[in-house]
Amino acid sequence: MRHRVAGRKLGRNASHRKAMFRNMAVSLIRTFRVEDGVTGQPKVAGRIITTVPKAKELRPIVEKLVTMARKALKISAEAAQFGTSADRGSDAWNQWLESENGRNWVKTSAPALALRRRAFSELRDAVAVDVLFDELARRFEDRNGGYTRIVRLSSVRLGDAAQRAMIEFVGDRDRVKSRKRTAPVVE
């Protein structure tokens, strides 16, 4: 019996499944940063195309990572009150670090560093972690969940006719629903 065993196996063993979702999450996060003039860049930022079951399993993984980044952003904002403008490693920096403000900064910013390290242990990609904590956290700062959407595509995959889906971050390219036109009142 498989009581309380969540998730799809997708025809893979556990280590393959974990590696596949790690790679898909990194791909989705890294596509958010599109640089002009670089070859191999995605056409549209923040979206990948995969199968529907894979997209459904990837969604909670990415959403938890974005939530971690949002929490770290709030913690960093609280720690900024104790910060300094001195260059890191300089004498002024070292002096500030030994002061009361420096100790308070270390104490209040430590949870943000721990969240960043947890995200790195999940993704194992430094660029993806930077994009997640620098850009995605700011973009979804005021949004409480629902950072991604899954859109089913009409075309099937050619090799095995699997139903394809696009998973993307919500936000800038969202469609705005137009109000329904009401019928004119005839008197």
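Strand β2 (residues 148-156) runs antiparallel to strand β3, and the two are joined by 6 bridges. Strands here are DSSP runs of E with at least two residues, helices are runs of H or I with at least four residues, and both are numbered from the N terminus. Two strands count as paired if DSSP finds at least two bridges between them.

Before going further, a word on the source: this is a predicted model, in which local features need pLDDT of at least 70 and side-chain atom pairs count only at pLDDT 80 or more, while totals for chains, interfaces and linings use all residues. Residues are numbered from 1 along each chain as its sequence is written, and side-chain values use heavy atoms, with hydrogens and water left out.

**The strands**

β2 and β3 make a hairpin with 6 residues between them. In that turn, A161 has a positive phi of about 60°. On its other pairing, β3 meets strand β1 (residues 47-51), again antiparallel, over 5 bridges.

| Residue | Opposite residue in β3 |
|---|---|
| T51 | R164 |
| R149 | E168 |

Is β3 mostly covered or mostly open? Strand β3 (residues 163-169) is mostly covered, with 5 of its 7 residues buried. Buried means under 20% relative accessible area, exposed means over 50%, and partly exposed lies in between (1.4 Å probe, protein chains only).

Setting aside neighbours within four places in sequence, M166 is in contact with R47, I48, I49, R149, I150, V151 and L153. Contact means heavy atoms within 4.5 Å. M166 and L28 are 138 residues apart in sequence, yet their C-alpha atoms are 10 Å apart in space.

**The whole chain**

Stepping back, the protein has 5 helices and 3 strands. Along the sequence they follow the pattern α-β-α-α-α-α-β-β. The radius of gyration is 22 Å, well over the 16 Å that the globule rule gives for 187 residues, so the protein is more spread out than a compact globule. That radius is taken over C-alpha atoms, and the rule is 2.2 Å times the number of residues to the power 0.38. Along the principal axes, the C-alpha atoms fill a box of roughly 70 × 65 × 45 Å.

Of the 187 residues, 30% count as buried. Among contacts between residues at least 6 apart in sequence, 64% join residues at least 24 apart. The protein exposes about 13,100 Å², and carbon and sulfur atoms supply 50% of that area. Accessible areas come from the Shrake-Rupley method with a 1.4 Å probe, and for residues only the protein chains shown count as cover.

What about charge? There are 39 positive and 21 negative side chains, and the centres of the two sets lie 11 Å apart. Lys and Arg count as positive and Asp and Glu as negative, with His and the chain ends not counted. Each charge is placed at NZ of Lys, CZ of Arg, CG of Asp or CD of Glu.

R4 is not a glycine, but it has a positive phi of about 60°. R4 sits in the segment before α1 (14-30), and it is exposed, with a relative accessible area of 87%.

R124 is also a residue other than glycine with a positive phi, near 55°. R124 lies in the loop between α4 (100-123) and α5 (126-139), and its relative accessible area of 51% makes it exposed.
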